[in-house]
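Below is a short note for a colleague who is meeting this structure for the first time. Please keep the sequence and the model open while reading the points.

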Amino acid sequence: MNNTSNGSDLSCFEQYDNTGFVIVVGLRVAGGIISFFCCLVMIWLIIIFKKYKFFTQRLILYLAISALAYSVVSAINVEGFRSYRDDSVRSYCVFVGFLEQFVGNWIPVAITCIMVDLFVKVVFDKPTERFEILYILLIFASPILYSWIPFIHVAYGPAGAWCWIRDVDYECNDFPFGTSLRFALYWVPLYILMPILFGLLIIILVLLRKRQKQWIGNFNPESIELKKRMQKEVIPLLYYPIIFLLLNIFPFGNRISNAIQSEPLLPLWILAAISLPFQGLVITLAFALDSETRRKMTIPHILVATKHLFVKDERMQEYPIGREHFNDSIGLKYEEKEREIIN
């Protein structure tokens, strides 16, 4: 391919036309598709088993919705390496770049809300349900407050092998406005957030470990109740911040590599590319680690729970006292068995 098109220098984009970076895009798409179906299953289980009735599980539900949305964006973000030389897909790349920024921030914000919620519960032993509306607004609405900024000077567009905020213009000249936005809107906030989350996680784990030692041999009713509440409201949430921190190691390394050298390091690009789109898969696996969830993840449990979600049970009827109805008693016993399976 020539280095120019219509008199423009395109040499800085051509490195993304090779087979290696096409594979990177393919892995992102594959990760997005796999995570999409995993998140669908996770959300479906939360609904049919009515886990959403519990505040802790609703926080997990919001994270699952965030991961589901980002998996869709990852699967459709495939035109970065074509849009710089094809005007017909350039507008598409601008729109997908916006989604990458806007929806891509839902997961970090959701993880932050989960971590703050854990911290308040463990350190201050305070109920947090009153913050739920605030959490929802922060997760799904707050990113729009700054995601519109790159539309100034049309900073969204091809960013390497996919679409995001451009750091060069369409003639391979430096684009300082886009580079500044990358750091101001994503990299700097993210890498300020990560050590804060890590510090909060350490504090929570240390306090939980200390309390576990205090609970050994302690039969005080208040201590027993606190232990049960922690196991129900805290332990199920601990996996997700750890997953988030681990999955962001490779993008962080790739960011450092790009800052040090001009040529992208392909193996690191691959690891960074697959880590974030596969978030939905890893989050679903963490959800399945919960003992109560595993107990219910059987075919009979799922079928009965699904049936109760869609089919209204009309077997309950009133009968005169003193009359026995053999068939109806069988139906009631069957109903009780179904409820045992669900619960």
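**Notes on the cavities, a pocket and some buried residues**

1. The largest cavity is lined by K51, Q57, I60, P236, Y239, Y240, A286, F287, D290 and T293. Here a cavity is a set of points, on a 1 Å grid over the protein atoms alone, where a 1.4 Å probe fits but cannot get out, and a lining residue has an atom within 4 Å of a point. Two or more of the lining residues come from each of α3, α11 and α14 (279-288), and α11 gives the most, with 3 residues. Helices are DSSP runs of H or I with at least four residues, strands are runs of E with at least two, and both are numbered from the N terminus.

2. This is a predicted model, in which local features need pLDDT of at least 70 and side-chain atom pairs count only at pLDDT 80 or more, while totals for chains, interfaces and linings use all residues. Residues are numbered from 1 along each chain as its sequence is written, and side-chain values use heavy atoms, with hydrogens and water left out.

3. The volume of the largest cavity is about 50 Å³, a volume being the space filled by probe spheres set on grid points that are joined across faces, edges and corners. Its lining divides into 6 nonpolar, 2 polar and 2 charged residues, where Ala, Val, Leu, Ile, Met, Phe, Trp, Tyr, Cys and Pro count as nonpolar, Asp, Glu, Lys and Arg as charged, and the others, Gly among them, as polar.

4. The largest share, 4 residues, is supplied by α11. By class this lining has 7 nonpolar residues, 1 polar residue and no charged ones.

5. At least two lining residues are supplied by each of α3 (55-76), α10 (221-233), α11 (235-247) and α15 (291-296). The lining of this pocket comprises 6 nonpolar, 4 polar and 7 charged residues.

6. Which residues does S35 contact, leaving aside its neighbours within four places in sequence? They are S71, P277, F278, Q279, G280 and L281, a contact being heavy atoms within 4.5 Å. S35 is placed in helix α2 (residues 19-48), and its side chain reaches the backbone nitrogen of L281 at 3.2 Å. With a relative accessible area of 0%, S35 counts as buried, since buried means under 20%, exposed over 50% and partly exposed in between, with a 1.4 Å probe and protein chains only.

7. K121, in helix α6, is likewise buried, with a relative accessible area of 5%. Apart from neighbours within four places in sequence, K121 is in contact with F55, T56, K126, T128, M230, E233 and V234.

8. V103 belongs to helix α5 (residues 90-104) and is buried at a relative accessible area of 7%. Not counting residues up to four places away in sequence, V103 touches A69, Y70 and V73. The C-alpha atoms of V103 and A67 are separated by 8.9 Å, although these residues are 36 apart along the chain.

9. L185 lies in helix α9 (residues 176-215) and is buried, with a relative accessible area of 11%. Its contacts, leaving aside neighbours within four places in sequence, are Q101, N105, Y146, I149 and P150. Between the C-alpha atoms of L185 and I149, 36 residues apart along the chain, the separation is 9.1 Å.

10. For the protein as a whole, the secondary structure comes to 17 helices and 4 strands, and buried residues make up 46% of the 343 residues. Among contacts between residues at least 6 apart in sequence, 74% join residues at least 24 apart.

How values were computed. A polar contact is a pair of N or O atoms within 3.5 Å; within protein, one must be able to donate a hydrogen and the other to accept it, and residues adjacent in sequence count only if both atoms are side-chain atoms. On a 1 Å grid over the protein atoms alone, a cavity is a set of points where a 1.4 Å probe fits but cannot get out, and a pocket is an open set with protein on both sides within 12 Å along at least five of seven lines; lining residues have an atom within 4 Å of a point.
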